[in-house]
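Have the viewer open as you read.

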Amino acid sequence: GEISEADRKKRITEKAKKTRTPIFGQYELTPRCNLDCKMCYIHNQDSNSLKERELSTSTWKRIFDEAYEMGLMYAILTGGECLLRQDFKELYLHLWRKGVKVSVFTNGVLVNDEYVAFFKQYPPEQVQISLYGSDEEGYLQVTGHRGFGKVVAAIEKLIEAGINVNIAITPSSFIKEDYI
């Protein structure tokens with residue numbers, strides 16, 4: 001019979017371990033973020049100085065090409081907030097067009113209709129969205145911004161578009177009433 005995608009991935013992973021083939025890659029495209037979460041390592045850092053230290057588009061493509069030549073099959077694009085990069089779509093498509101299964105880890109605030117249409121046309125393996133509370137006040141407490149409604153709307157639009165969405169929740173003392 002047919003094997004599931006999870007079983008197929010498990011078999012590939014087992015073979016890759018034996019041959020020491022790096023089939024998974026997680027790439028922090030930027031440390032910059034549009035939120036200012038109290039528990040984050042970039043909390044209170046200057047966005048401009050962080051941007052100056054980012055790798056160029058061509059450098060990222062070279063890294064992706066080298067990883068692909070070594071066996072890369074699955075990639076996670078993350079940050080900070082990876083959607084802040086002007087070249088995000090270009091970098092995503094560079095991997096996607098090679099047949100790499102790409103996942104995107106985002107806070108969801110920037111996921112607008114344009115990104116939903118992009119992901120519908122070029123489907124990611126998944127879009128993982130971090131939730132930082134269960135209402136606007138919780139978001140304000142953790143992130144310094146009221147983004148809850150935007151993020152929920154983004155999740156709903158992605159699901160409606162048939163995109164595989166995964167929700168990540170980071171417990172925090174700032175929102176403990178949400179998980180008590």
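## Ground rules

Contact here means heavy atoms within 4.5 Å. This is a predicted model, in which local features need pLDDT of at least 70 and side-chain atom pairs count only at pLDDT 80 or more, while totals for chains, interfaces and linings use all residues. Residues are numbered from 1 along each chain as its sequence is written, and side-chain values use heavy atoms, with hydrogens and water left out.

## Around Arg-85

Helices (H or I, at least four residues) and strands (E, at least two) are DSSP runs, numbered from the N terminus. Arg-85 is buried, with a relative accessible area of 6%; buried means under 20%, exposed over 50%, and partly exposed in between (1.4 Å probe, protein chains only).

Setting aside neighbours within four places in sequence, Arg-85 is in contact with Leu-29, Thr-30, Arg-32, Glu-54, Leu-55, Ser-56, Thr-57, Trp-60 and Leu-91. With Leu-55, the Arg-85 side chain reaches the backbone oxygen at 3.0 Å.

## A charged network

The structure holds ten salt bridges, each a side-chain nitrogen of Lys or Arg within 4 Å of a carboxyl oxygen of Asp or Glu. Arg-85 pairs in this way with Asp-87, their closest N and O atoms being 2.7 Å apart, and both residues are buried. Salt bridges that share partners join Arg-32, Glu-54, Arg-85 and Asp-87 into one network.

Within it, Arg-32 bridges to Glu-54 at 2.6 Å between the closest N and O atoms. Arg-32 is buried at 8% relative accessible area, and Glu-54 is buried at 17%.

## A bridge across the sequence

Another salt bridge joins Glu-125 and Lys-9, with 3.2 Å between the closest N and O atoms. Glu-125 lies in the loop between helix 5 (113–121) and strand 4 (126–131) and Lys-9 in helix 1 (residues 5–19), so the pair ties together parts 116 residues apart in sequence. Glu-125 is partly exposed at 22% relative accessible area, and Lys-9 is also partly exposed, at 23%.

## The nonpolar core

The largest nonpolar core has 40 residues, and those touching the most other members are Tyr-27, Leu-29, Leu-77, Phe-88, Tyr-92, Phe-119 and Leu-158. Such a core is a set of buried Ala, Val, Leu, Ile, Met, Phe, Trp, Tyr and Cys residues joined through side-chain atoms within 4.5 Å. Helix 4 (residues 88–96) gives the most to this core, with five residues.

Beyond four places in sequence, Tyr-92 touches Leu-77, Val-102, Val-104, Phe-118, Phe-119, Tyr-122, Pro-123 and Pro-124.

Conventions:
A polar contact is a pair of N or O atoms within 3.5 Å; within protein, one must be able to donate a hydrogen and the other to accept it, and residues adjacent in sequence count only if both atoms are side-chain atoms.
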